[in-house]
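Biologist: I would like a close look at a single part of this protein, taken slowly and with its surroundings.

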Amino acid sequence: LWVWLRLKLLADAGIVGLPNAGKSTFISAVSAAKPKIADYPFTTLHPNLGVVQVDTNSFVLADIPGLIAGAHEGQGLGDRFLGHVERCSVLLHLIDALEEDVCANYDIIQQELEAYGAGLKDKPQILALNKIDTLDPADLKKKRQKLKKHSKKEVHLVSAASGQGTREICGLLYQCVLENKGTTPEENAVTSWAP
């Protein structure tokens, strides 16, 4: 008898996106996690966990290595890390605002989540354009409107490098975690992860 055991990290929320979307920079900006950060694809080779503080409460955030088209077929690092976000209450989908076609990037991740299965596509998602500090305001506005129309979701703006919008995103993630647990911030404080 062969028994395959699969380790799944326990996290309340998970970050997904293409390589170099700024996932590692984001988790290092909002927690004490120290992932490897560089300007080339697949810098993150293993999932990283960070404890994010929201007022007097906290939640655990997972940074998942970047996905590319065909990940479910083994392309790039494949989808072997997506199992770590199966138990997450909410996903933060980060898209690099510098990319030419943000809608195509959005579709790649959504298709990979759907191909993986396990209900990942149906999980609540917070969609955000990252690296907004590097883009002209007029271009950013166009990309945001285009992505909002395409995804039919609210598109948040964030810069993990400068910290702009990170507090708001963390607040939204925490609210989604609470809604999934069916608890209030006061009740959650008793069982909250220690920073």
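In what order do the six strands form the open sheet, and what is the pairing?

Modeller: The model is predicted, and in it the six strands form an open sheet in the order 2-3-1-4-5-6, with mixed pairing. Strand 2 (48–54) and strand 6 (155–157) are the edge strands, each of them pairing on one side only, and the twist from one strand to the next averages 30°. Within the sheet, strand 1 (residues 13–16) pairs with strand 3 in the parallel sense over three bridges, and Gly14 stands opposite Ala62 in strand 3.

Helix 3 (residues 137–151) lies across strand 4 (90–96), strand 5 (125–130) and strand 6, and runs at about 150° to strand 6, whereas helix 4 lies across strand 1, strand 2, strand 3, strand 4, strand 5 and strand 6, running at about 100° to strand 3.

Phe59 and Tyr174 are both buried.

As for the setting of the sheet, the protein has five helices and six strands, which follow the pattern β-α-β-β-β-α-β-α-β-α-α along the sequence.

Terms used:
Residues numbered from 1 in each chain as written. Predicted model: local features only at pLDDT ≥ 70, side-chain atom pairs only at ≥ 80, totals over all residues. Heavy atoms only, no water. Helix = DSSP H or I, 4+ residues; strand = E, 2+ residues; numbered from the N terminus. Buried < 20%, exposed > 50% of the residue type's maximum accessible area, 1.4 Å probe, protein only. Pairing = 2+ DSSP bridges. Axes fitted to C-alpha atoms, helices over the stretch in contact; angles between N-to-C directions. Contact = heavy atoms within 4.5 Å.
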